[in-house]
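Colleague: I have a model open and would like to learn how to read it. Could you take me through some features one by one?

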Amino acid sequence: MSSQDQLFTRWLASLEARHLADFRVAEVTRALRALSSAYVQRRQKLATGAALESAGKRAAFALFYGPLHLLTIAHIVGEVDRDRGAISRVVDLGCGTGVGGCAWALCGAARPQILCIDRHPWAVEESRRTYRELGLHGQARIGDLKRLPALPATAGVVAAYTLNELDEQRRQAIEMQLLEAATRGTRVLIVEPIARGVTPWWDATAARVKALGGREDEWRFATDLPPLLRLLDKAAGLNHRELTARSLYLG
């Protein structure tokens, strides 16, 4: 998927119209700086959901990080899941605005059903909007990820920028369930920021994934951001001329 794709462009225009109806770009930029600070410096806020406590931060997350994550995850899926055949369902854990599941669904010729799960009511509603506006079908529900839904061999499950926000006990429990599902044939994709500081558990988890025949990748790829994302990126003092991530995949 590229930023020029018609579906992506139409979805982004819808995001702009909806979230900029109540905020000026300068206000979204301030919220984006605060949100970025929470992700980098005050990560305890993520565990409580406080990073999305204000309407401004929610607008900034939806307008900026949602599209960036969709582009990133679509690129990764296009590489690691290439020629693997269709899946019937994709489950998006800790879905945010639902872009992980949507990115995977859009990468194949067939369009699987999507199930998005997040503990934040706003994220659940935003996910519903995302897959509707991208022409996809599915459902979103509130959940705390203590126990994963049924994951058949014909399904894919994505945990994108999610495991790093969990406490260690819950993260280990989710990881165990994901690896167990992979042994039954479910495709599993884990995506996290490239910065090692937010994922001290990464190497151990990667070793377990590779022991089951999976792969570990680090991604850096150039992108031409759409105008609004480019404006927000520069105004907030960020630099996303290339998108980066690390991933684990079991197919």
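Predicted model: local features only at pLDDT ≥ 70, side-chain atom pairs only at ≥ 80, totals over all residues.

Colleague: In which sense do strands β2 and β3 pair?

Modeller: Helices (H or I, at least four residues) and strands (E, at least two) are DSSP runs, numbered from the N terminus. Two strands pair if DSSP finds at least two bridges between them. Here β2 (residues 113-118) and β3 (residues 138-142) are parallel, with five bridges. I114 faces G138 of β3. Between β2 and β3 the chain runs through helix α6 (residues 121-133), a right-handed β-α-β crossover. Right-handed means a clockwise path from the first strand over the helix to the second, with the strands pointing away from the viewer.

Colleague: Is P121 buried or exposed?

Modeller: Buried is under 20% relative accessible area, exposed over 50%, partly exposed in between (1.4 Å probe, protein chains only). P121 is in α6. P121 counts as exposed because its relative accessibility is 53%. K57 sits in helix α4 (residues 55-80). K57 counts as buried because its value is 10%.

Colleague: What does the side chain of K57 contact?

Modeller: A polar contact is a pair of N or O atoms within 3.5 Å; within protein, one must be able to donate a hydrogen and the other to accept it, and residues adjacent in sequence count only if both atoms are side-chain atoms. The K57 side chain makes one with the side chain of E53, at 3.1 Å.

Colleague: Which residues have a positive phi without being glycine?

Modeller: Most residues other than glycine have a negative phi. L145 lies in the loop between β3 and β4 (155-160). At 9% relative accessible area, L145 is buried. Y161 also has a positive phi, about 55°. Its place is the loop between β4 and α7 (168-183). Y161 is buried too, at 15% relative accessibility.

Colleague: How far apart are P121 and T154 in space?

Modeller: Compare sequence with space. P121 and T154 are 33 residues apart in sequence and 28 Å apart in space, C-alpha to C-alpha.

Colleague: How many residues line the second largest pocket?

Modeller: On a 1 Å grid over the protein atoms alone, a pocket is an open set of points where a 1.4 Å probe fits, with protein on both sides within 12 Å along at least five of seven lines; lining residues have an atom within 4 Å of a point. This pocket has 17 lining residues, with D81, G85, W104, C107 and G108 nearest its centre. Helix α5 gives the most, three residues.

How values were computed
Residues numbered from 1 in each chain as written. Heavy atoms only, no water.
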